[in-house]
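Subject: A structure for you to look at

Hello,

Here is the structure I promised to pass on to you. Have a look at it first, and then read my notes below with the viewer open.

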Amino acid sequence: MSYLDNVRVFVRVVELGTLSAAGRDQRVTPAVASNRIKELERHMGVRLFNRTTRKLTPTEHGRVFYDGAVKILEAVNEAENAIADLSHNPKGALKITAPLGIGRRLIASGIPEFHDKYPDIEVRLRLSDHNVDILSEGVDVAFKLGILEDSNLRMRGIMNCERVVCGAPAYFEKRGVPQTPDELIADKHDCLLLRYPGSKEYFWTLQTPEGVRKLEVTGPYDSDDGDVLTQWALDGRGIINKPLFEVKSYINTGELVPILASTPPLGVQLAAIYPHKRFQDPKVRLMIDYMAERCQRLIGKMLA
């Protein structure tokens, strides 16, 4: 087995806590991950982990080796990136994430074309509306709709995205059309919310003549999938607050009707977010450049 592969598995076991999680991250079985750890321990003649039925925790030797192993892998990555820059032949794996909505519409369909252009780059795409911990999960690039909150990360803005509050005609016929933000609360309108552990969308932020207002709207049910919310709205089950490009086609056909035009939601920024240490990786730069141009072009068509 490659010594560096063994070290990579070791580092991810320390960071993720289990052989199964580290194996998934490195695309090997738990048995292979276990064998790589055992080979490292035989090589160094010390135990690197204390083992329990649920978790592996590093021993004192393991903690010392982890600090050095991270530096070794970073040095190897930097050297490989420098060679790739000089040779114009980037190689290796690239782990990216995106929310389900923009991931399906904008990102996933572009991966095969990106791979055609750069066949030596292996792309691992994960789509989720949940909050992904970029650093602990080893993500190279995350495409997000929102605001950068972690100072340990870098952000490249792609475009500002207008949001819209809307619902189906059937819902408004039954419940009436709210004319002001206050009516959303006072009339207890069914607002469909994106919610999951760590979610920030427990309120809607609207722009009013008095300034930005946060409204603690409520509804009878919520989901961790933004496309599910859109479908519920189309079925007349409530009101949604979505990026305009995601629902513009339904507004054009009259299936959804925008409301509160004089107090629109605060827009969000579509951005690429990545760890500081990934900045010099040519694979990361190529992916961001490619997806930025693609997203701008496709969103422009959706809004036309």
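Let's begin at Y274, which sits in strand β14. Please keep in mind throughout that this is a predicted model. Is Y274 buried or exposed? Its relative accessibility is 8%, and buried means under 20%, so Y274 counts as buried.

For a pair to look at in detail, take β3 and β4, which run parallel and are joined by 7 bridges. One of the residues to look for is A93, whose bridge partner in β4 is E122.

**The nonpolar cores**

In soluble globular proteins, nonpolar side chains tend to be buried together. In this model, the largest nonpolar core has 28 residues. The residues with the most contacts inside this core are I96, L106, I107, F143 and M287. Several elements supply at least two residues each, among them the strands β3 (92-98), β5 (141-146) and β14 (268-275) and the helices α5 (100-107) and α6 (111-117). Which element gives the most to this core? That is α11, with 9 residues.

Leaving out residues up to four places away in sequence, I107 touches I96, A98, I102, L125, F143, M291 and C295. There is also a second, separate core of 17 residues, which includes V9, F10, L40 and L73.

Next, please move to strand β7, residues 163-167. How many of the residues of β7 are buried? The count is 5 of the 5, so this strand is largely enclosed by the rest of the structure. In a regular strand, the side chains alternate between the two faces of the sheet. Both faces of β7 are covered: R163, V165 and G167 are buried on one side, and V164 and C166 are buried on the other.

β7 pairs with β12 in the antiparallel sense over 5 bridges, and in β12 the bridge partner of R163 is P243. β7 also pairs with strand β13 (residues 257-259), again in the antiparallel sense, over 3 bridges. In β13, C166 has P258 as its bridge partner.

While you are there, look at N241, which is found in strand β12 (residues 239-243). With a relative accessibility of 7%, N241 counts as buried. Apart from its neighbours within four places in sequence, N241 is in contact with R163, V164, V165, W204 and P265.

D225 is in the loop between β11 (222-223) and α9 (226-234). Its relative accessible area is 13%, which makes D225 buried. The side chain of D225 reaches the backbone nitrogen of D227 at 2.9 Å. Not counting residues up to four places away in sequence, D225 touches L100, R104, D129 and L194.

R27 has a positive phi of about 60° although it is not a glycine, and L260 has a positive phi of about 55°, although it is not a glycine either. R27 lies in the loop between α2 (19-26) and α3 (30-44), whereas L260 is in the loop between β13 and β14. Are these two residues buried or exposed? R27 counts as exposed, at 53% relative accessibility, while L260 counts as buried, at 6%.

Enjoy exploring, and send me any questions you have.

Best wishes

Terms used:
Residues numbered from 1 in each chain as written. Predicted model: local features only at pLDDT ≥ 70, side-chain atom pairs only at ≥ 80, totals over all residues. Heavy atoms only, no water. Helix = DSSP H or I, 4+ residues; strand = E, 2+ residues; numbered from the N terminus. Buried < 20%, exposed > 50% of the residue type's maximum accessible area, 1.4 Å probe, protein only. Contact = heavy atoms within 4.5 Å. Core = buried A, V, L, I, M, F, W, Y, C linked by side-chain atoms within 4.5 Å. Polar contact = N/O pair within 3.5 Å; in protein donor to acceptor, adjacent residues only side chain to side chain. Pairing = 2+ DSSP bridges.
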